[in-house]
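Reader: I would like a close look at a single part of this model. Keep it brisk, please.

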Amino acid sequence: VMKQLGANMIRLYGNNPANDHTNFLDEAWQEGLSVAPGMSDYPYYQMVPGSCLQETDFNCFSQVKPLYLQNLHNGFLTMDKKYHPALKYMNILNETDLKIPS
C-alpha cells in the first residue's frame, strides 16, 4: 500500500534492538522501499539505572553503543557483515533540541 501511494522510504522513530528486524528490512527492500530507523529514547531517559540523563550528563556513548550493536546483530547487518541494503541512515536521537539541554 505504501509503495502504491508513492512512498520510497519508511522513517521509524524507535525500535527495540532485541527484536530481529531482518524480515521487515527484507520485505521493505523487496518492495523498493528504503528504511531510516530511529533509536528509542530508552537509553536517554528511561534506562534505570544508567540513563544518559541521570548517569552521564548526556554523554551517551556507553548507553547507545550496546543498543546499536544489538541492532547490527538483529538484522541491520547482512550475513557478510555489510549494512542491509534497505537501510539509508540511523537516527540515534529524535528531536535533539527538545531533549538535551543547551
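Reader: In which loop does C60 lie, between which helices? Please take me through its surroundings.

Author: A word on the source comes before the answer. This is a predicted model, in which local features need pLDDT of at least 70 and side-chain atom pairs count only at pLDDT 80 or more, while totals for chains, interfaces and linings use all residues. Residues are numbered from 1 along each chain as its sequence is written, and side-chain values use heavy atoms, with hydrogens and water left out.

Now the location. C60 lies in the loop between α3 (52-55) and α4 (61-76). Helices here are DSSP runs of H or I with at least four residues, strands are runs of E with at least two, and both are numbered from the N terminus.

C60 counts as buried because its relative accessibility is 10%. Buried means under 20% relative accessible area, exposed means over 50%, and partly exposed falls in between, using a 1.4 Å probe and protein chains only.

Next, the partners. Setting aside residues up to four places away in sequence, C60 touches Y44 and C52. Contact means heavy atoms within 4.5 Å. P43 is 17 residues from C60 along the chain. Their C-alpha atoms are separated by 7.7 Å.

C60 also belongs to the largest nonpolar core, which has 19 residues. Such a core is a set of buried Ala, Val, Leu, Ile, Met, Phe, Trp, Tyr and Cys residues joined through side-chain atoms within 4.5 Å. L25, V35, Y44, C60 and F76 touch the most other members. The most come from α4, with 4 residues.

Take L25 from that list. Beyond its neighbours within four places in sequence, L25 contacts V35, G75, F76, H84, A86 and L87.

F58 is buried, because its relative accessible area is 16%. Most residues other than glycine have a negative phi, and most peptide bonds are trans.

Two further backbone features sit in other loops. K81, in the loop between α4 and α5 (96-99), has a positive phi of about 65° although it is not a glycine. K81 counts as exposed because its relative accessibility is 62%. P49 is found in the loop between α2 (42-46) and α3. The peptide bond from V48 to P49 is cis, with omega near -10°.
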